[in-house]
Amino acid sequence: MKNYFIPILLFISGLSLGAQQRDLNFYLNQAKTNSPLINKTKNDNEIVKLDLQQVRSILAKPEVNIVSGIMFAPIVSHDNNSNRFEWVSNGAANYTGHDLALSDGGQYQALVSVNQPLLAGAKLKKYENKAAISGQINDNNIELTVHELEQVIAYQYILCLKSKMQISNSLLLLKDLDAHLKILEKLVENAIYKQTDLMLLQLEIQNYEAEYKTFQSEYEAGLYDLNLICGIRDTALIEPEETDLILETADVSNSKFSTAYRLDSLNIIAEQALYELKYKPQLDLFANAGLNAVYLPAFNRVGFSTGITLTWNIFDGRQRDIQREKSKVNLQTVEFEKKTILAQNEISKKKVLGQINSIDGRIMLNEAQTDQYSKLYEAYSRELSQGEASVMDFKNLLKDISAKKQENIMLKMEKQLLINTYNYLNY
């Protein structure tokens, strides 16, 4: 029975050597470019700048309005024992309609008014401080988002590399089996081995072919997931380059995670400072010019007026004290969360380091066993070619070797995942 799957696999593996490769940095850069969250946070920064410009205009620049209006208050005069409809009263004493003392017989306005806030410099500094803190929060959020993307993308990238290594391991195993199959076919023809031995090896090859297809399917699905995370629309099967993550064990005394809590506290303080502004005296200069008349308007009623208004909140039911208490509670909440999260972070880092040390020992033991299996495999191969080895024993040896190689791949990839986790925590 001829086996055509192995040559096809070798042909496919040969094609993959010429496939376009992409490294981890490529996917990281794509994710940063295509991240909706990063884009939104950058736009939020622009909104903060525009809000500050808007506040500067409100506090520092005059507000100019056109005020106009006409109000008629017609009456029915009953003076001199007659009933006359009058749009504007001529001083009627007995009439039906709105009280002339209240309506003035009508109002006619066509004014240009100007309102200029005074003493706004101190208020503007409070808003500028709040805007600066908001900008720092957004910048720190972008850095944290990028860091999270690095962790997630590196995780998925390592999974793809694991599938790629499993595929390569399967291809090498199938290639060796193909060579042994050809030798066994000749030995069966010479009656050194039985036909059942040949069938046994062929069935084993089919099992490894099925395993290869599983790894290939996982590899393709992993690449699609990687593209999905990074926002890459290209569906071509691109081969990821090998990578070796390095453990970043440097002491981070002021991590970005603690920076986020520090900025949250400053933001609460800045918001409280803005709230306090409503209890500061508000002084405004106002002026208007134009027509302002009652009864029938005339040009001699065109003029101007100016003045100053003062607004000062003296009492509002202790709302300021309540708001201060709320800010104090919020600051305590942030500080508690900070201590808890940073403590958990340190515990998690120690746990991951312990797991990495344990895996290093297992990898060393596994590689030593793999070397022993390789020597045993060479010995069995020689005996099989000479008709001295049991095919069943050889098949069982292949299972052990395959399992050991897969275990070695899993250990190395697990170590890479743990390094990725530690580097995420140690930021």
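Start at tyrosine 27. Beyond its neighbours within four places in sequence, tyrosine 27 is in contact (heavy atoms within 4.5 Å) with Arg22, Ile153, Tyr157, Leu226, Asn227, Cys230, Ile232 and Ile238. This is a predicted model: local features need pLDDT of at least 70, side-chain atom pairs count only at pLDDT 80 or more, and totals for chains, interfaces and linings use all residues. Residues are numbered from 1 along each chain as its sequence is written, and side-chain values use heavy atoms, with hydrogens and water left out.

Now the core. The largest nonpolar core has 56 residues. Such a core is a set of buried Ala, Val, Leu, Ile, Met, Phe, Trp, Tyr and Cys residues joined through side-chain atoms within 4.5 Å. Buried means under 20% relative accessible area, exposed over 50%, and partly exposed in between (1.4 Å probe, protein chains only). Tyr27, Ile153, Leu177 and Tyr193 have the most contacts inside this core. Among the elements giving it two or more residues are helix H2 (24-34) and helix H5 (121-189). H5 gives the most, with 18 residues. Helices are DSSP runs (H or I, at least four residues), numbered from the N terminus.

H5 also meets helix H7 (residues 256-276): their axes come within 9 Å and cross at roughly 155°. Axes are lines fitted to C-alpha atoms over the stretch in contact, with angles from 0 to 180 degrees between N-to-C directions. H5 is therefore roughly antiparallel to H7, a term for angles over 145 degrees.

Last, proline 36. Proline 36 lies in helix H3 (residues 36-60). Proline 36 is exposed, with a relative accessible area of 64%.

Technical notes
Parallel < 35°, antiparallel > 145°, perpendicular 65-115°, else oblique.
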